[in-house]
Amino acid sequence: DLGFVPGDDGHDVIGMVAAAAAGEIDVMFLLGADEITVNALGETFVVYIGSHGDAGAHRADVILPGAAYTEKSATYVNTEGRVQMAARAAFPPGEAREDWAILRALSDVLGHKLPFDSLAELRAALYRDKPHFLRVDQIEPGSVDDVAALGSDPGNPSSGAFRNAIDDFYLTNPIARASAVMAECSALAADRLASAAE
């Protein structure tokens with residue numbers, strides 16, 4: 001939606017990890033990225049921005065503490081394509097900041113100051129450049145042609161069996177993995193599966 005896609009010489013996530021492993025990337029920013037193979041980043045200097053100290057933070061050379069989703073006013077787009085707004089429920093602890101504030105401060109330190117000083121200014125620029133973000137809780141109607149286009153390129157399907165992409169439902173993200181309650185749920189579910197297998 002924002003147009004943050006790899007350029008002509010850019011990499012997708014898998015390509016970026018491979019390029020880092022090959023020593024082709026000097027510095028990498030992980031914005032809450034904990035679901036990649038962080039041990040494969042080689043000698044790349046890693047800056048991590050996130051809230052829960054998961055895999056990306058453990059690999060990082062520098063950690064810039066970010067706010068959790070409950071600690072920031074944010075705009076999200078769900079998998080259905082609906083723009084959703086969230087209000088901060090609590091302030092982040094210690095030195096943690098909202099992602100936009102970290103990136104804005106970093107831009108100033110690097111001598112390429114971003115043109116906003118507040119969330120309101122950032123949102124005004126976002127709505128000016130990408131007006132569909134103003135349509136909160138609305139979705140663009142699809143068309144039959146869009147569905148037909150999806151079927152016109154089957155890609156390269158695997159002949160392997162379907163399997164669940166989620167190995168452990170209770171530990172699917174950094175916040176869940178940092179939770180003692182979710183760890184207990186995971187252990188109970190694993191015990192239940194082991195008992196069923198016997």
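**Exercise 1. State whether Tyr170 is buried, partly exposed or exposed, and describe its ring pairing.**

Solution. Tyr170 has a relative accessible area of 22%. Buried means under 20% relative accessible area, exposed over 50%, and partly exposed in between (1.4 Å probe, protein chains only). Tyr170 is therefore partly exposed. For Phe169 the value is 61%, which makes this residue exposed.

Next, the rings. Rings of Phe, Tyr and Trp (its six-membered ring) pair if their centres lie within 6.5 Å; planes under 30 degrees apart are stacked, over 60 edge-to-face, and the rest tilted. The centres of Phe169 and Tyr170 are 5.3 Å apart and the planes make 85°, an edge-to-face pair.

The model is predicted: local features need pLDDT of at least 70, side-chain atom pairs count only at pLDDT 80 or more, and totals for chains, interfaces and linings use all residues. Residues are numbered from 1 along each chain as its sequence is written, and side-chain values use heavy atoms, with hydrogens and water left out.

**Exercise 2. Count the aromatic pairs and classify the one formed by Trp100 and Phe116.**

Solution. The rule gives two aromatic pairs. Trp100 and Phe116 lie 6.2 Å centre to centre with 55° between the planes, so the class is tilted. Trp100 belongs to helix H3 and Phe116 to the loop between H3 and helix H4 (119–129), so the pair ties together parts 16 residues apart in sequence. Helices (H or I, at least four residues) and strands (E, at least two) are DSSP runs, numbered from the N terminus. Both residues are buried: Trp100 has a relative accessible area of 19%, and Phe116 has 9%.

**Exercise 3. Give the strand order of the sheet and identify the edge strands.**

Solution. The sheet is open, with three strands in the order E1-E2-E3 and parallel pairing. Strands E1 (27–31) and E3 (62–65) each have a single partner strand, so they stand at the edges, one side of each without a neighbour in the sheet. From one strand to the next the twist averages 15°.

Two strands pair if DSSP finds at least two bridges between them. E1 and E2 (residues 45–50) share five bridges; among them, Phe29 partners Val47 and Leu31 partners Ile49. E2 and E3 are joined by four bridges, including Tyr48 with Ile63.

Terms used
Axes are lines fitted to C-alpha atoms, for helices over the stretch in contact, and angles run from 0 to 180 degrees between N-to-C directions.
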